[in-house]
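Open the model in your viewer and keep the selection tool ready. This tour goes stop by stop.

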Amino acid sequence: MAVSRGSHFFINPGPTNIPDRVLRAMDRGAIDFNGAQFRAIAEECFAGLKRVFKTEQTILAYAASGHGAWEAALVNLFSPGDKLLVVESGFFSLNWGMRGESFGLEVETLPNDWRTAADPAKLESRLRDDRAHSIKAVLVVHNETSTGVVNDIAALRRAIDAARHPALFLVDTISSLASMDFRMDEWGVDVVVAGSQKGLMLPTGMAFTGISARAIGATAEAKLPRVYWDWRRLLGGTSQSVWNGTAPVHFFYGLQEALRMLEEEGLDEVFARHHRLAEATRRAVRAWRQNDGPEIYAIDRRAQSDSITAVQLPEGYDADKTRQVCLDKLNVSLGGGLDRLRGRIIRIGHLGDLNEPMILGAIAAVEMALELTGVPHGRGGVQAAMDYLVSEE
Ligand SMILES: Cc1ncc(COP(=O)(O)O)c(C=O)c1O
């Protein structure tokens, strides 16, 4: 294996770069998770998470990847045969729905092209047709990490309300939370699914659910079997009081530091920084687009994600080959296409602990890799990104 020097550029859409401050905060001995010291750290973390979720309601945490929070949301709310409506946006939306099927739930997909945001009018119309209110919940991914398309959660909530439908509203924020604005209470979201390894800048392995009072009410009726995820067991007052097993103390050390960092920067500035870096990336891709080069996969500009840009290569060119050259020759790691997009796209993750020189380095590496793998493209992507960033100063 070739030896490489200098920083490894990790530009994946999750996991993301872990700030040194978070790593240092985790570099400590264990403490008793039943003791007062841990309780104080956990309380600070749950209070901070509420500010990030923008909720006054309940947040529960699990030692798990995001898949755990997906599953927790399903098993705590539904009974075999219940019907879910999954708003299609890409690989992750369908995958969440498939998990429901595995539990014996009936899953209907509201079909959508992966390159555009979900249409609230279509959701409203489907819910209006469901006069018997057989649909128990609407499931949406806020930021579809597999495509770089953002769904408008407030507009989808308005669609549910306009149809006067009682379905619970479940939203996956795994690649949007702490990178893009999200408002659990204002947008009437009943369950928020989140993970540690993206905007929260932690290692993978901790997952969260924000749970509305209505969802807590619904859990009493749910008949799906559950033990580890059982909200009834985990809940005590307004925050998690009991762990199923040992609490992940080191994650809490890291989370405490990450939340402090987010608050020092200010959430609005965090979102503005993500927007700047995303827009710089988009300017670069638009420059490459000349000469029938690569293009941004998300078609509608308003739905282009501030945490990940999917770049579609021209027909006949292997995106995985370009990605591999980027890694092998330039030590820059990028995300690849999932499912039907395998080999078709490169995913540039611009979320978490990232700044201007880091994204410019990544863009330069992609531009070089396009050249090295003979992919037709316009030149000057890095220049276009720099010009934009300078104009924003
Ligand atoms: C939108 C979305 N949902 C769910 C998941 C699954 O989360 P995890 O890989 O942490 O289990 C991911 C992972 O990238 C994701 O991006």
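**Stop one: a pair of helices**

Select α11 and α12: their crossing is right-handed. This is a predicted model. To find the pair, pick residues 319-330 for helix α11 and residues 356-372 for helix α12. Their axes come within 9 Å. They cross at roughly 115 degrees. Angles from 65 to 115 degrees count as roughly perpendicular, and α11 and α12 are therefore roughly perpendicular to each other.

**Stop two: the shell around the ligand**

Now select the ligand. Which residues are around the ligand? Show Ser65, Gly66, His67, Trp70, Phe92, Val141, Asn143, Thr145, Asp172, Ile174, Gln197 and Lys198. Colour them by class: the shell has four nonpolar, six polar and two charged residues. Next, highlight residues 66-75. This is helix α3, which gives the most to the shell, with three residues.

**Stop three: contacts with ligand oxygen atoms**

Zoom in on glycine 66. Here a backbone N or O atom lies 2.7 Å from an oxygen atom of the ligand. Move to threonine 145. One of its polar side-chain atoms is 2.5 Å from a ligand oxygen atom. Then pick glutamine 197. Its side chain places a polar atom 2.7 Å from an oxygen atom of the ligand.

How much of the ligand does the protein bury? Taken alone, the ligand exposes 390 Å², and the protein buries 89% of that.

Conventions
Residues numbered from 1 in each chain as written. Predicted model: local features only at pLDDT ≥ 70, side-chain atom pairs only at ≥ 80, totals over all residues. Heavy atoms only, no water. Near = heavy atom within 4 Å. Polar contact = N/O pair within 3.5 Å; in protein donor to acceptor, adjacent residues only side chain to side chain. Areas by Shrake-Rupley, 256 points an atom, 1.4 Å probe, with all protein chains shown as cover. Helix = DSSP H or I, 4+ residues; strand = E, 2+ residues; numbered from the N terminus. Nonpolar A, V, L, I, M, F, W, Y, C, P; charged D, E, K, R; others polar. Axes fitted to C-alpha atoms, helices over the stretch in contact; angles between N-to-C directions. Parallel < 35°, antiparallel > 145°, perpendicular 65-115°, else oblique. Left-handed = near helix turned anticlockwise from the far one by under 90°.
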